Amino acid sequence: REPVPDPFAGAVQAQEDGTAVYYQDRRKQWPYTASAAGASLLQRLLAEATPLLRSSLEALQDDPDGAELRREGERIYAQKPNMRAGGITWSQENYAHLGLQAEYLRLKSIQRITEGTVAMERAYNAGAFAALRDARTKTPFRVASLGGGPGFELLAVREFCAARLPQAEPQLLSLDLQGAWRPCCEALGLRFEVWDVMDGDGLLGKTGWPAIDLAVISYVYYHYMSNEHCADW
């Protein structure tokens, strides 16, 4: 088997002043800028994600149809075939596709890590974590990502707690209908449970916690939960 090249090559470009330019899109058309601290954080978190993505690409290499699966996955990611018919990005069948998983891990890792970090910073600045910040003893911090897939935003939560909320003891859980994400979460040191966003009544029981301290909801909120049933629960 040929070595898999750096799956994030060119996605984060270090600048002479310590900052970085990074891209979240397939064609690298839309540059974003990270401060020196942000660039360092992004590089650390991508280092955590790299073995996971490399493993996904190696699995495609080992599959006799791997090259076609990867091309097909790139097409599914780009075309989002369910968007017009169902108003959702990808179906559960799409999410189970090895080629789409590789493309998703490659691009959504950067998106979810940066968005998760910014969300935590904003919540912190708004005082949402004041009790945790001022706690005198270690305090459980139960964080569930609803429709969280491989759980990249939870990496951002974990890193943020280590840096800004040292008294927090984060318990991190990704809940998603697609069970194929379980190995990804576990490889990142995260817990995973299968859960359907339509099952609001079963949410807390699925976590096994007495309460959820922070729920992280990304695009699933719009694409899968914008209905009366989810609004009710």
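The axes of helix H5 (residues 98-125) and helix H7 (residues 152-164) cross at roughly 40° and come within 7 Å. These values come from a predicted model.

## Exercise 1

Task: Classify how H5 and H7 lie to each other, then list who makes the contact.

Solution: 
- Step 1. Start from the angle, roughly 40°.
- Step 2. Angles under 35 degrees count as roughly parallel, and 65 to 115 as roughly perpendicular. H5 and H7 are therefore oblique to each other.
- Step 3. Find the partners. H5 brings Leu105, Lys108, Ser109, Arg112, Ile113, Gly116, Thr117, Met120, Glu121 and Tyr124. H7 answers with Phe152, Glu153, Ala156, Val157, Phe160 and Arg164.
- Step 4. Sort them by class: eight are nonpolar, three polar and five charged.

## Exercise 2

Task: Treat H2 and H5 in the manner of Exercise 1, and find the hand of their crossing.

Solution: 
- Step 1. Helix H2 covers 66-79. The axes of H2 and H5 come within 6 Å, at a crossing angle of roughly 50°.
- Step 2. H2 and H5 are therefore oblique to each other.
- Step 3. Their crossing is right-handed.
- Step 4. On the H2 side, the contact uses Leu69, Arg70, Gly73, Glu74, Ile76 and Tyr77. On the H5 side stand Gly99, Leu100, Glu103, Tyr104, Leu107, Lys108 and Gln111.
- Step 5. The classes in this contact are six nonpolar, three polar and four charged residues.

## Exercise 3

Task: Decide how H1 is oriented relative to H5.

Solution: 
- Step 1. Helix H1 spans 36-62. The axes of H1 and H5 come within 9 Å and cross at roughly 170°.
- Step 2. An angle over 145 degrees counts as roughly antiparallel. That makes H1 roughly antiparallel to H5.
- Step 3. Look at the H1 side of the contact: among its residues are Leu41, Leu45, Leu52 and Ser56. On H5, residues including Ala102, Leu105, Ile113 and Thr117 meet H1.
- Step 4. Count by class: 13 nonpolar, six polar and one charged.

## Exercise 4

Task: Say which element gives the largest share of the lining of the largest pocket.

Solution: 
- Step 1. Take the volume: the largest pocket holds about 600 Å³ of space.
- Step 2. Its lining has 33 residues, and Thr89, Trp90, Tyr95, Tyr104 and Tyr224 lie nearest its centre.
- Step 3. List the elements that each supply at least two lining residues: H2, helix H4 (92-95), H5, strand E4 (139-146) and helix H10 (220-223).
- Step 4. The largest share is five residues, and it comes from H5.
- Step 5. By class, the lining has 15 nonpolar, ten polar and eight charged residues.

## Exercise 5

Task: Describe the second largest pocket by volume and by the residues nearest its centre.

Solution: 
- Step 1. The volume is about 370 Å³.
- Step 2. This pocket is lined by 19 residues. Nearest its centre lie Ala37, Gly38, Leu41, Thr117 and Glu121.
- Step 3. Two or more lining residues come from each of strand E3 (31-34), H1, H5 and H7.
- Step 4. Leu41 and Thr117 take part where H1 meets H5.

Technical notes
Residues are numbered from 1 along each chain as its sequence is written. This is a predicted model: local features need pLDDT of at least 70, side-chain atom pairs count only at pLDDT 80 or more; totals for chains, interfaces and linings use all residues. Side-chain values use heavy atoms; hydrogens and water are left out. Axes are lines fitted to C-alpha atoms, for helices over the stretch in contact, and angles run from 0 to 180 degrees between N-to-C directions. Helices (H or I, at least four residues) and strands (E, at least two) are DSSP runs, numbered from the N terminus. Contact means heavy atoms within 4.5 Å. Ala, Val, Leu, Ile, Met, Phe, Trp, Tyr, Cys and Pro count as nonpolar, Asp, Glu, Lys and Arg as charged, and the others, Gly among them, as polar. On a 1 Å grid over the protein atoms alone, a cavity is a set of points where a 1.4 Å probe fits but cannot get out, and a pocket is an open set with protein on both sides within 12 Å along at least five of seven lines; lining residues have an atom within 4 Å of a point. Grid points are joined across faces, edges and corners, and a volume is the space filled by probe spheres set on the points. A crossing is left-handed if the near helix is turned anticlockwise from the far one by less than a right angle, and right-handed if clockwise.
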